[in-house]
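Good morning, and thank you for making time for this item. Please look at the sequence and structure as they come up.

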Amino acid sequence: PLPETLSFAGEPVPIKDPQVRQSYDRELLVNTYWQSNMLLFLKRSGRYFPVVEPILKEHGLPEDFKYIPLIESGFTHVVSPAGAVSFWQFLKGTGREYGLEINEAVDERYHLEKATHAACRYLKDAREELGSWTLAAASYNRGINGIQKQLERQQARNFYDLRLNPETARYLYRLLAIREIMSDPDGYGFQIKPPERYHPIPTRTLAVDTGINNLGQWAREQGINYRILKFHNPWLRQAYLPEKAGKTYQLKIPKEGHYALQESLKPKTKSKLSPLNRMPHSKDSLSDTAQ
């Protein structure tokens, strides 16, 4: 049975409105019976929610917003036809506007922590402009100007009074449905034991303030391979990292013992690296999270 009361980000949902109720019911049914997708959501959330949740809290955003990257990308580095990329689906212009470095070699839209900070800044701006968290969430799909235009055109004051294009009209209800199912997976027939979830892979952070002209070689120097380096640092978009004056990049590599690496990966002696491969210092990450 559908609930008698419902809210999003602390704001009431008029669930007794027949159209609202039917829209929510539709998303519950669609996502409950799209079993493979929901299983992957549940598994991946175990790895990435621990990264997203504290950043939302740091910015003062309600925890309900952690479901946005799930419905945007399924926590995968997907690229949309419009060119929006990775978990939070930032377009290039919007990403740069909110402080992300985006160029041929580095694209911080793929950096989960930095992209989450950028998304938080966007959502706070959207709430300031539109007046509610609910409309801010809808604007993540349609844009702040797109939602504002429809509010003025239709003389409406909230999301539930708006007539919108089908994708945006379903957006908030999908958020609500995903939150409901993931809050009670057993009740919806998804029985996943803790070991079956994807968990954070403990990492340590290497601070690099010079260029690296061969990331494959650099990875081997750290006792890992290129594939593992790119998994933990998907924002590295080329096989090299150019030097940028005054810029220090934080590269994550797994702590020892978390991959069954071939001995051949670990060089017996350090090779002579060019100046671009110098690595001045390193430190352990404060939290064991995966990127």
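This is a predicted model: local features need pLDDT of at least 70, side-chain atom pairs count only at pLDDT 80 or more; totals for chains, interfaces and linings use all residues.

The buried ones are Trp133, Thr134, Leu135, Ala136, Ala137, Ala138, Ser139 and Tyr140. Their packing partners include two strands, β1 (7-8) and β2 (11-12). On the helical side, these buried residues pack against α3 (68-73), α5 (112-130), α7 (144-154) and α8 (166-183). After α6 comes Gly143, which has a positive phi, near 95 degrees.

Let me turn to the crossing with α8. Two packed helices are described by the angle between their axes and the distance between the axes. For α6 and α8, the axes come within 9 Å and cross at roughly 130 degrees. Angles from 65 to 115 degrees would count as roughly perpendicular and those over 145 as roughly antiparallel, so α6 is oblique to α8. The crossing of α6 past α8 is right-handed. On the α6 side, the contact is made by Thr134, Ala137, Ala138, Tyr140, Asn141 and Arg142. From α8 come Glu167, Thr168, Tyr171, Leu172 and Leu175. By class, the residues of this contact are six nonpolar, three polar and two charged.

I come now to the aromatic residues. A pair of aromatic rings is described by the distance of the centres and the angle of the planes. The count for this model is 15 aromatic pairs. One of these joins Phe65 and Trp133 in an edge-to-face arrangement, with 5.4 Å centre to centre and 65 degrees between the planes. Phe65 lies in the loop between α2 (35-59) and α3, whereas Trp133 belongs to α6, and the two are 68 residues apart. Both Phe65 and Trp133 are buried.

How are the rings of Tyr122 and Tyr140 arranged? Their centres are 5.5 Å apart and their planes stand at 85 degrees, so this pair is edge-to-face.

Lastly, Tyr48, Phe49, Tyr67, Phe75 and Phe87 form one aromatic cluster. Thank you for your attention.

Note on methods. Residues are numbered from 1 along each chain as its sequence is written. Side-chain values use heavy atoms; hydrogens and water are left out. Buried means under 20% relative accessible area, exposed over 50%, partly exposed in between (1.4 Å probe, protein chains only). Helices (H or I, at least four residues) and strands (E, at least two) are DSSP runs, numbered from the N terminus. Contact means heavy atoms within 4.5 Å. Axes are lines fitted to C-alpha atoms, for helices over the stretch in contact, and angles run from 0 to 180 degrees between N-to-C directions. Angles under 35 degrees count as roughly parallel, over 145 as roughly antiparallel, 65 to 115 as roughly perpendicular and the rest as oblique. A crossing is left-handed if the near helix is turned anticlockwise from the far one by less than a right angle, and right-handed if clockwise. Ala, Val, Leu, Ile, Met, Phe, Trp, Tyr, Cys and Pro count as nonpolar, Asp, Glu, Lys and Arg as charged, and the others, Gly among them, as polar. Rings of Phe, Tyr and Trp (its six-membered ring) pair if their centres lie within 6.5 Å; planes under 30 degrees apart count as stacked, over 60 as edge-to-face and the rest as tilted.
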